[in-house]
Amino acid sequence: MSNISRYIELAKICKATYQGPINQHQLTYNEKVLNHQKIVHGSYKRGFCRIFWNADTVIISFRGTREIIDWFISNIKFRPVVLKNNPHNFKTIWVHRGFQRTLLNYDDKTTGLKSLQAVWKHIQDNNLFNGRKIVITGHSLGGALAILFAVRLRMKYRKYSDLNLVEIVTFGAPAVGLKGFKKYYHDLSSKTIRVVNGSDIVPFTPPLFYHHVGNEIWLNEQVIKKNSGWFVRFAYALKLPLKKFMQDHSMDQYIEKLIFYKDA
């Protein structure tokens, strides 16, 4: 199975994470149906993530920005803060305040736990890491949470992170941390793919001092390019209509563009 086909599957999973109740049997990973799911809610009765799994793989998909309140709680609070509970309490690992707060402080209305703790509980109660590959994904804000969750996974379950975590794939994700975070994230970078569509505005944010992690796949109008970088993408975007900055962020546009390149 090609990487593009797999990214299409994950993009559809990310889109489904925004929705209400869905039949997980409509979703696949590596062409195998996902048989089970658990929903973890967020504060204000909003989404947080969904956990999908079958006998082979567990996929943890984080939901992106949907309501305007998300911007005030998460996205615009870009003042960097130290990564909480990091080993050795390093003071050089700085991350986006709003994204870290979203991951650690939301409440799951079903379990009554913090949303992140609810994720751990579902994983433990269903023995999800036993023999399964682990995949983490997310769109927009959800992509930022996916990156931070991968770090938390490595902190809490180092053995499973090293052996079972196969990929972290984000779509239209902003940068998460400063230079020290990128260095700390280093051994996860080879497993991380950031898919960027055309002129999507969100991967340009936050604009100062923040560094993206992992490897970039850029879907521009002519060809797929790898690791083109912020400035090349921005120069390209400035030549297109300004409305493309927002249009290209749509999850539907990501799916459509990936299918185009798969069939080309």
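User: Which cut-offs make a residue buried, exposed or partly exposed?

Analyst: Buried means under 20% relative accessible area, exposed means over 50%, and partly exposed is in between. Keep in mind that this is a predicted model.

User: Which residues of helix α9 are buried?

Analyst: Helix α9 spans residues 230-238. Its buried residues include R233, Y236 and A237.

User: How should I read their spacing around the helix?

Analyst: Start with the general idea. An α-helix has 3.6 residues a turn, so residues three or four places apart point the same way. Now the case here. In α9, R233, Y236 and A237 are buried. They cover an arc of only 100 degrees around the axis, so they sit on the same side of α9.

User: What covers the buried residues of α9, and which exposed residues does the face turned away carry?

Analyst: The cover includes β10, β11 and α10 (244-247). The face turned away from the buried side carries the exposed residues F231 and L238.

User: Now salt bridges. What is the idea, and how many are there?

Analyst: Side chains of opposite charge can pair when their charged atoms come close. The count here comes to eleven salt bridges.

User: Where do D56 and K32, which form a salt bridge, lie in the chain?

Analyst: The closest N and O atoms of D56 and K32 are 2.9 Å apart. This pair links distant parts of the chain, 24 residues apart. D56 is in the loop between β4 (46-53) and β5 (57-62), while K32 is in strand β2 (residues 32-33). D56 counts as partly exposed because its relative accessibility is 28%. K32, at 44%, also counts as partly exposed.

User: What does the salt bridge between R154 and D187 tie together?

Analyst: The closest N and O atoms of R154 and D187 are 2.2 Å apart. R154 lies in helix α5 (residues 141-156) and D187 in helix α8 (residues 186-189), so the pair ties together parts 33 residues apart in sequence.

User: Are R154 and D187 buried, exposed or partly exposed?

Analyst: R154 counts as buried, at 6% relative accessibility. D187 counts as partly exposed, at 34%.

User: How far apart are D162 and R158 in helix α6?

Analyst: They are four residues apart in α6 (residues 158-164), so about one helical turn separates them. D162 counts as partly exposed at 41% relative accessibility, and R158 counts as partly exposed at 44%. Salt bridges that share partners join R154, R158, D162 and D187 into one network.

User: What should I expect of backbone angles?

Analyst: Most residues other than glycine have a negative phi, and most peptide bonds are trans.

User: Which residues other than glycine have a positive phi here?

Analyst: E31 and N227 are among them. Phi of E31 is about 65 degrees. E31 lies in the loop between β1 (28-29) and β2, and is exposed because its relative accessible area is 63%. Phi of N227 is near 50 degrees. N227 lies in the loop between β12 (224-226) and α9, and is partly exposed at 46%.

User: Where is a peptide bond cis?

Analyst: The bond from T205 to P206 is cis, with omega near -20 degrees. P206 lies in the loop between β10 and β11.

User: How far is L208 from F78 in sequence and in space?

Analyst: They are 130 residues apart in sequence and 9.9 Å apart in space, C-alpha to C-alpha. L208 is found in the loop between β10 (192-197) and β11 (215-219). L208 counts as exposed, at 56% relative accessibility.

Key. Residues numbered from 1 in each chain as written. Predicted model: local features only at pLDDT ≥ 70, side-chain atom pairs only at ≥ 80, totals over all residues. Heavy atoms only, no water. Salt bridge = Lys/Arg side-chain N within 4 Å of Asp/Glu carboxyl O. Helix = DSSP H or I, 4+ residues; strand = E, 2+ residues; numbered from the N terminus. Buried < 20%, exposed > 50% of the residue type's maximum accessible area, 1.4 Å probe, protein only. Arc of directions from axis to C-beta. Contact = heavy atoms within 4.5 Å.
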